[in-house]
Amino acid sequence: MKFLSHPDFLARASHEHDPYAKSSRNNISGQENEVAKFPVEVAKFEVLKNVYGDTARVKPRPRLVNQFMALLIKRFHYAKRHWGIMIAQLVIPFLIMCFCFASLQSAQFKSVLGPLKLDISSVYGKTDGFYYQEKPNLSSYADTFQKVLESNQVTVEEVPEPTQYALDYGRKNLAKYLKTFLVGGAIDKDLNGTVNLTAWFNGEPYHAMPMSLLLMHTAILKSISSDGGISLVNAPLPQPMGGSENLSVIIQAFARILAAVFVPLAFSSLSAGFVLVPIHERATKAKLLQLMSGVPAAIYWTAMFVWDYMVYSIICILMIIPYGIFAHHVFFGERSEAIGAALLLMLFHGWASIPFSYLLSFLFERGNTGFATVIGMSVFIVAYPNAFCESVPKEDIEFHCDPSNLDRDNPLFKCCKKYCGENCLNPTYPIIWEDAGCGREIFALAFSGIIFFGILFLKETPYWTAFFRAARFRLQRMKKPLVRQFLRQESVVEDSEVLQEEERIRNMTATRCGSGEEALLVAELTKQFKNFYAVNKLSFGIRQEECFGLLGVNGAGKTTTFRMLTGDCEPTSGNAFIQNSSLLTDLKKFQSYLGYCPQFDALIDRLTGREMLMLFGQLRGLIGFGLLQMVDKLIKMTDLAKHADKQTQFYSGGNKRKLSVAIALIGSPPLILLDEPTAGVDPVSRRKIWSILSQARNNTGAAVLLTTHSMEESEALCNRLAIMVNGRFRCLGSIQQLKSKYGQGYTLIIKVKREDKENIQKVDAIKFHIQSNLQGANLKDDHQ
């Protein structure tokens, strides 16, 4: 036999006012037992040294400079323990840019075809040819030429007249004439006795002429010496064929394609890394706690941007290295303005893309490709045509600019400064407003950064919330007739104490503004999700130095109430007040009065416990020795001395709860919200936390609102308790009042041996015996 436990007590109080629970109970006929008042021993916990010191009542005044520095220090600690992200942000863009420049360097001015060995048999295969000799005494030359042709897979035929033979060959089969009839030779002697060797070739195949000359010269060499040979290789000049206009188009198109592919990829990977910290802090509620500590959203995002932009600028400076290695002639030396324009564009890209990443962090997505594209599409297409002359080898420039080789149709003519005159290459300055420059892109990036910062700051202001609240209100009014049909309506008997509390709150809100003498005043707070109320017109007040306990089964609405009070979610209707601050109209100031320990620990995993306390202490306005003293005392009181300098990601669940409680207490906020603060904490540490909470109430006048599942904790801390069922208070009062009203009777648990479980007669006999000797006993459960 045992006394009524806290779960039994909570279930009975909940069932007493829950019609759905009532209908599901398995009651046995009989009268209810008379009220049985029983004593419960109040936990006696250890009284510990005051952690607040003699000056606890002095309210710290946060300074924006201190808060800003604290946020920068936070990012420094986070970065120094998370080198992987910074290395990835540097190495990946660096390698991508190196690959981009290497591709430009290797293919910038080269033909698609490589060097070609002009060997007729390897290029065209088996072909036909001829030779003609005017006099018999020239037969030695003719025989040598014939052997050379046959060695190159040319079918040779001696002809009496070359011209007529070629015409007859083409008349018979024109297709064969164009493809296989390629070379020939004629040998004659003039009146002076000079031997004339004439190389014949087909003008259709592109390489027939040099091949025919090669064969004839090889025959001459063979006639002089049986050893040796001649080979011919065609290596294209290092520039494409065509005029200057086509060359410029090719260069710009090639640079544009490479830049449009690789540069966005490089800088997107760089900027995408800046969404990780905002997403982490938003997902873990660490950002919410920092804003609740009194930090303006503008300071929070400005500190975030300053650190990220500093890292981004350093990486951009290092990114100049690929420019110098692979394209020194394009971006340095005489064309040094190009690297300045490239660096300026990179910096402005960071100005625009980093706040854009912050906005995308609210959607848990990434994307900066659109911004990064402008770097490649503007600098590269200007810089590479400007550096055309510098990219051509010096000896080629000297050769083509020699007066004997000058050709105005040659693309290199515009590089001959002594002769080109008005046709010389005129470099375009990169930072200009025209289409050829990048001035428009710089302006667009600068303006985009301003717009994105404006949206980011606006999103954190009450005006943004008010706008969506008004839009939601209008939408609800339109849907109200339809939604009302599906909303679950409850007919319950309200507790008299709950009705009195609601009436008291209505009178207070009607006669005064703010919370008055109450530490917290909640007036008809409501949260509706689709077709049900998570919290339904909740009204209560918490007095100064009072500890108010909020109890209820899972899904009763406790956590939703906390989320609304902390600004994590917006109420559908109703309001709350702390002093003269309203939850709806002055959320930032309302939040600054709160210390909050959420249900799930809102810790930054790369920071140590000491660094977390230092951060929130500085955000609350503590500085100097007072900050260090408070942090040391809280560490000692929460038994975290051995773990204070470990990263919080390595903390156990219990130690994380201790640290979360310490964060809620630092800075002595006037109202402390604790969502199951001692869940998972060992008994000794639990009592120490109770002692700290009691000191916070006694020394600073702080009020406490907590949720718990521990009756011992409720009795140790709470002056009043309220039990929530389906978003409403079902009972309200002191612990003794609730026990007297709902804590009636005893619970009897009977266990039988395993072999007797299947003996129905024996089990029925036990039930009959209990009902016969304990009048009014109700069977609550029967299971194996």
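Okay, let's begin with the second largest cavity: α12 (286–292), β12 (594–597), α25 (609–620) and α27 (653–665) each give at least two residues to its lining. Helices here are DSSP runs of H or I with at least four residues, strands are E runs of at least two, and both are numbered from the N terminus.

Quick background: this is a predicted model, where local features need pLDDT of at least 70, side-chain atom pairs count only at pLDDT 80 or more, and totals for chains, interfaces and linings use all residues. Residues are numbered from 1 along each chain as its sequence is written, and side-chain values use heavy atoms, leaving out hydrogens and water.

What's a cavity? On a 1 Å grid over the protein atoms alone, it's a set of points where a 1.4 Å probe fits but cannot get out, and lining residues have an atom within 4 Å of a point. Volume is the space filled by probe spheres set on the points, which are joined across faces, edges and corners.

Back to our cavity, then. About 60 Å³ of space lies in there, and β12 brings the largest share of its lining, three residues. Among the lining residues are Leu289, Tyr596, Phe616 and Arg620. Domain 1 (94–104 + 246–391 + 429–462) and domain 3 (517–742) each provide at least three lining residues; those bounds come from an automatic or database domain assignment.

And the largest cavity? That has a volume of about 160 Å³. Its lining counts 14 residues, with Arg75, Ile85, Met86, Gln89 and Val277 nearest its centre. α3 (64–80), α4 (83–107), α11 (276–283) and α13 (297–318) each supply at least two of the lining residues.

Key:
1 Å grid on protein atoms, 1.4 Å probe; cavity = no way out; pocket = protein on both sides within 12 Å on 5 of 7 lines; lining within 4 Å.
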